[in-house]
Amino acid sequence: MATSEQLPIILIVDDMPDNIGVLFDFLNENHFEILVARSGEDALELLGYSESLPDLILLDVMMPGIDGFETCVRIKSDCKLQEIPVIFMTALNDTLDKVKGLKLGAVDYITKPIQQDEVLARLNTHLTIRQLQKELQVKNRELAAQYELTLQLNETLQKRNEELQAQYTMTHQLNEQLQQEIEEKRKMELALEKANDELFFLGNFSTRS
């Protein structure tokens, strides 16, 4: 059985009270929580308002009203319900009926009369698969969130790099401008020094004359 703090919930959909009674007692003894619907319509109504959806549905094929096939179609067309595994219960041995059920979205078949060990084995197998699927979905959501966070961080880093590049470019330009100003100042100082020397020379020349 799938390990969980909460008991796995099994929905039994069957119009025969004897079948329901046998399954209910057996599954209850094996630590499953049981929900019961006596028809496809009742099952869909129960699934529509239930706060705790079943982990798996045991669905009889031959029922008055909408049969198991149509019930399965409606379950699989509901985005809230379509991930719930459905196992058909049937006295039909026709391979075409079994193939039809699998094509409609069922994961397995149990042939009546019910063999309890077979039922338990199939339930445990599909509940384990379902639990692994849930864990994989959680992991995928976590990975998607991490990927989105990575994209955001990369975008932030890219913007920061662009800002730093702009600051570097501006600093480089300012340094070049400062170097030019220093060079111009040095040239002016040299020109002034030369002019002072010339004036000094002319002053001395005039005095001697």
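User: How many disulfides does the structure hold?
Analyst: In this predicted model, Cys 72 is in no disulfide, and the nearest cysteine sulfur, that of Cys 79, is 16 Å away. A disulfide requires two cysteine sulfur atoms within 2.5 Å, and Cys 79 is likewise in no disulfide. The number of disulfides held by the structure is 0.

User: Is Cys 72 buried or exposed?
Analyst: Cys 72 is listed with the buried residues of helix α3, which spans residues 68-76. Its relative accessibility is 0%, and because buried means under 20%, Cys 72 counts as buried.

User: Is Cys 79 buried or exposed?
Analyst: The nearest cysteine sulfur to that of Cys 79 belongs to Cys 72, at 16 Å. Cys 79 has a relative accessibility of 66%, and because the cut-off for that class is over 50%, Cys 79 counts as exposed.

User: Why do the buried residues of α3 lie on the same side of α3?
Analyst: The buried residues of this helix are Gly 68, Phe 69, Thr 71, Cys 72, Ile 75 and Lys 76. They lie on the same side of α3 because the arc they cover around the axis is only 160°.

User: Which elements do the buried residues of α3 pack against?
Analyst: Phe 69 and Cys 72 are among the buried residues of α3. At the start of the helix, the backbone nitrogen of Phe 69 has a side-chain oxygen of Asp 67 within 3.2 Å. The elements that the buried residues pack against are α2, β3, β4 (86-90), α4 (95-103) and β5 (108-111).

User: How many residues of strand β1 are buried?
Analyst: In a regular strand the side chains alternate between the two faces of the sheet. In β1, Ile 9, Leu 11 and Val 13 point one way while Ile 10 and Ile 12 point the other way, and all are buried. For this strand, residues 9-13, the count of buried residues is therefore 5 of 5.

User: Which residue of β2 is the bridge partner of Ile 10?
Analyst: Strand β2 covers residues 33-37 and runs parallel to β1, with 5 bridges joining the two. Between them in the unit comes helix α1 (residues 17-29), and β1, α1 and β2 make a right-handed β-α-β unit. Within β2, the partner of Ile 10 is Ile 34.

User: Which residue of β3 is the bridge partner of Val 13?
Analyst: β1 also pairs with β3, in the parallel sense and over 4 bridges. Across this pairing, the β3 partner of Val 13 is Leu 59.

User: Which side chain makes a polar contact with that of Asp 55?
Analyst: Asp 55 is found in the loop between α2 (40-49) and β3 (56-60), and with a relative accessible area of 18% it is buried. Beyond its neighbours within four places in sequence, Asp 55 is in contact with residues including Leu 7, Ile 9, Ile 84, Arg 130 and Lys 134. The polar contact, 3.3 Å in length, joins the side chain of Asp 55 to that of Lys 134.

User: Is the peptide bond from Lys 112 to Pro 113 cis or trans?
Analyst: Most peptide bonds are trans. Pro 113 is found in the loop between β5 and α5 (116-208). The bond from Lys 112 to Pro 113 has omega near 0°, and it is cis.

User: What is the phi of His 31?
Analyst: Most residues other than glycine have a negative phi. His 31 lies in the loop between α1 and β2. Although His 31 is not a glycine, its phi is positive, at about 70°.

Technical notes. Residues are numbered from 1 along each chain as its sequence is written. This is a predicted model: local features need pLDDT of at least 70, side-chain atom pairs count only at pLDDT 80 or more; totals for chains, interfaces and linings use all residues. Side-chain values use heavy atoms; hydrogens and water are left out. Buried means under 20% relative accessible area, exposed over 50%, partly exposed in between (1.4 Å probe, protein chains only). A polar contact is a pair of N or O atoms within 3.5 Å; within protein, one must be able to donate a hydrogen and the other to accept it, and residues adjacent in sequence count only if both atoms are side-chain atoms. Contact means heavy atoms within 4.5 Å. The arc is that of the directions from the helix axis to the C-beta atoms. Two strands pair if DSSP finds at least two bridges between them. A crossover is right-handed if, with the strands pointing away from the viewer, the path from the first strand over the helix to the second runs clockwise.
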